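Please open the structure in a viewer and keep the sequence at hand.

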Amino acid sequence: MKIRQNENTSELTESTLPMINVVFLLLIFFMIAGSLQKTLPFNITPLKAQADIPKQETPLIIHISALGQIMVEDQEVKFEKLKTVIQKKHNSNDDQITTPQPPSIRPITIRSDQSTNTTDVIKILSLLKEMKIEQVALATVR
C-alpha cells in the first residue's frame with residue numbers, strides 16, 4: 001500500500017525555509033556588526049573648544065525702496081553719502097573687547113523692493129565693488 005503525503009504540508013515547508021534562512025542570516029549579521037565597536041572602560045564627556053566656532057557677524061543691511069530711498073540699517077542716507085556711511089558702519093566692532101583685535105569686516109545684505117529700479121541696485125553694487133567689499137548678498141524671496 002502506498003502512503004500519500006499531504007501536499008499542503010510540503011508546500012508550507014518549502015516556502016518558509018528560505019525565509020527562515022534569511023532571518024537567521026540577518027540576525028547573525030546584526031549581532032556581529034553590533035559588537036565590532038570597541039567599548040570604552042568608562043564614559044567620557046569630551047571638552048568643547050570655543051576657538052573652532054567662528055564668530056557670526058551680523059550683516060549690515062541696506063534697504064532700497066521702490067522710490068529709490070536708501071536706508072542703511074535704520075538711518076536714511078542719500079546716495080552721495082552712502083560710501084562714508086558704509087565705511088563707518090562696515091568696519092566697526094559692535095562689541096567692546098578689552099584686548100586689541102583687528103576690526104571685523106561685516107557682510108552686507110541688500111534688500112530691495114521688487115519694483116525698485118534695477119539701476120539703483122547696480123549703482124550700489126558697483127559702489128561696494130569699488131570699495132572692495134566682497135561679502136555682499138542680495139535678499140530674495142522664493
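**First stop: helix α3**

Select residues 118-130, which form helix α3: at 1.5 Å a residue its 13 residues should span 18 Å, and its end C-alpha atoms are 18 Å apart, which agrees. The expected span is 1.5 Å times one less than the number of residues in the helix. Helices (H or I, at least four residues) and strands (E, at least two) are DSSP runs, numbered from the N terminus.

Before going on, note that this is a predicted model, in which local features need pLDDT of at least 70 and side-chain atom pairs count only at pLDDT 80 or more, while totals for chains, interfaces and linings use all residues. Residues are numbered from 1 along each chain as its sequence is written, and side-chain values use heavy atoms, with hydrogens and water left out.

Which residues of α3 are buried? They are Val121, Ile124, Leu127 and Leu128. These residues cover an arc of only 125 degrees around the axis, which puts them on the same side of α3. The arc is that of the directions from the helix axis to the C-beta atoms. Buried means under 20% relative accessible area, exposed over 50%, and partly exposed in between (1.4 Å probe, protein chains only).

Next, turn to the face of α3 directed away from its buried side, where the exposed residues Thr118, Lys129 and Glu130 are found. The buried residues of α3 pack against β1, β2, α2 (82-90), β4 and β5 (136-138); contact means heavy atoms within 4.5 Å.

Now select Lys132, which lies in the loop between α3 and β5. Its phi is near 60 degrees, a positive value in a residue other than glycine. At 71% relative accessibility, Lys132 counts as exposed.

**Second stop: helix α2**

Select Leu82, Val85, Ile86, Lys89 and His90, which are buried in α2. Since they cover an arc of only 115 degrees around the axis, they are on the same side of α2. The packing partners of the buried residues of α2 are β1, β2, β3 (75-77), β4 and α3.

Select residues 60-64, strand β1, which is mostly covered, with 4 of its 5 residues buried. In which sense do β1 and β4 pair, parallel or antiparallel? β1 and strand β4 (residues 108-112) pair in the parallel sense over 5 bridges. Two strands pair if DSSP finds at least two bridges between them. To see one such link, display Ile64, whose bridge partner in β4 is Ser112.

Strand β2 (residues 70-72) runs antiparallel to β1, and 3 bridges join the two. Here, display His63 together with Met71, its bridge partner in β2. β1 and β2 form a hairpin with 5 residues between them. In the turn of this hairpin, Gly68 has a positive phi of about 95 degrees.

Continue to Glu73, in the loop between β2 and β3. Glu73 has a positive phi of about 55 degrees although it is not a glycine. Is Glu73 buried, partly exposed or exposed? At 27% relative accessibility, Glu73 counts as partly exposed.

Select Thr109, a residue of strand β4. Its relative accessibility is 14%, so Thr109 counts as buried. Leaving aside its neighbours within four places in sequence, Thr109 is in contact with Pro59, Leu60, Ile61, Ile62, Ala137 and Ala139.

**Fifth stop: an aromatic pair**

Rings of Phe, Tyr and Trp (its six-membered ring) pair if their centres lie within 6.5 Å; planes under 30 degrees apart count as stacked, over 60 as edge-to-face and the rest as tilted. By this rule the count comes to 1 aromatic pair. The rings of Phe29 and Phe30 have their centres 5.2 Å apart and their planes at 70 degrees, so the pair is edge-to-face. Phe30 is exposed, with a relative accessible area of 56%.

**Last stop: the whole chain**

Of the 142 residues in the chain, 17% are buried. Among contacts with a separation of 6 or more, 59% are between residues 24 or more positions apart. The accessible surface of the chain comes to about 12800 Å², of which 58% belongs to carbon and sulfur atoms; such areas come from the Shrake-Rupley method with a 1.4 Å probe, and for residues only the protein chains shown count as cover.
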